[in-house]
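The following paragraphs lead through selected contacts of one protein model. Please keep the sequence and the structure in view while reading.

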Amino acid sequence: MTRLRELFAPEEADLPPATRSRRDWIVDTVVFVAALALGGVAVGNSIVNGLGGALIVVDVVLGVPVTVGLWWRRRIPGTLALVTLAVGPFSSSAGAAGIVILYTLAAYRRWQAAVLVALVGFLLLPVEHVVHPDGESLVSLYVGGIVFSSAVLAWGMFRRSRRQTRHEQGRRVAVEEQLRVEQIRHAERARIAREMHDVLAHRISLLSLHAGALEFRPDASPEEVARAAAVIRASAHQALEDLREVIGMLRDEPPDEAPEPPQPTLAALPALLEESRAAGMRLHAEVRIPDLAAVPEAVGRSALRIVQEALTNARKHAASATVELVVEGAPGQGLVVEARNPVPVLAGAPAIPGSGTGLVGLAERATLAGGRLEHGLDEHGDFRLCAWLPWPA
């Protein structure tokens, strides 16, 4: 019994929609009316061939419920098929509905269930031949039944195969879309991690530099202490604002809320250089671009991050060294950022701890932008960082 129940159980692709579509209503109405009309013709033919008395009443009483059951044929085709097998030999009016139910069973259930119902129906043909004689021999009845039932089964199986193929394609597309969304999320999280490193490392390195100055200058005047404290306060406030700006990209903002401010571009370079000099960095910068605002936003944003990380890297590993910075470029030629600083003779662990991902993130950022980034010691023993970014003409 369990095996039989599993045989007639629907698979995921066989489940009908929760509600009928307009097309389903039209098809079901036409099928119901046609089955009812053909059932009436079948009863009339049986009466002509000698069916009479109580058998006519039995025929109609059994055939009408089966025909009405066509409205639920997609949801319970197995139940309707078993009911049709039970009443079919005694009701010619259920014949047309039985054909539709057999097709539906083949179209919405496993092919084994449909074939099993068809075989049992063939075994019951002698009983139907006795109850409803129509002048045909049993052999011709079997031949016609086998040919017609085979065509109905084949058509139903074909429709089920097409529906299962579409379902599998839809499921595969959904899985691929989910994977694509996950990849986009992963890439976005990696990008935000680089943004957080680039933005915060610069600010925190300034905090560390000024705090270190206060630590090693206990004899500083109150004015110097107040000035350094003001810089520390301003840097901490700016670091907090930068953190909020980056983390804000992770939130789902309501539609009516103001959008996040744009990320700074190369137009913010003068302020960045002045901020580093105010922090005590020995910085010699040559900016050979007349109009920084003319640099495309994407290129300028990446270039600013590269400058920011180069200065942060210099503060970490060579706090007292002079940094030489060159920013130059033109449309069609690209934009070049080059930073150079001497390496301390006794280069130990950096005073400001770092995760070591800054330069890796910069190289990846430059590559994603279509450029390149190189860093390392040059022939003079200085540390050199050089990046080239495309600047469309």
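Which residue forms a salt bridge with Asp378? The partner is Arg340, and the closest N and O atoms of the pair are 2.2 Å apart; a salt bridge is a side-chain nitrogen of Lys or Arg within 4 Å of a carboxyl oxygen of Asp or Glu. Because Asp378 lies in the loop between strand 4 (372–377) and strand 5 (382–389) while Arg340 belongs to strand 3 (residues 334–342), the pair ties together parts that are 38 residues apart in sequence. Asp378 is buried at 13% relative accessible area, whereas Arg340 is partly exposed at 24% (buried means under 20%, exposed over 50%, partly exposed in between, with a 1.4 Å probe and protein chains only).

The model is predicted: local features need pLDDT of at least 70 and side-chain atom pairs pLDDT 80 or more, while totals for chains, interfaces and linings use all residues. Residues are numbered from 1 along each chain as its sequence is written, and side-chain values use heavy atoms, without hydrogens and water.

The structure holds 13 salt bridges. Asp28 takes part in a salt bridge with Arg20 (2.7 Å, N to O) and in another with Arg73, at 3.2 Å between the closest N and O atoms. Asp28 in helix 2 (residues 22–48) and Arg73 in the loop between helix 3 (54–68) and helix 4 are 45 residues apart; helices are DSSP runs (H or I) of at least four residues and strands (E) of at least two, numbered from the N terminus. Both Asp28 and Arg73 are buried, whereas Arg20 is partly exposed at 29%. A network of salt bridges links Arg20, Arg23, Asp24, Asp28, Arg73 and Arg74.
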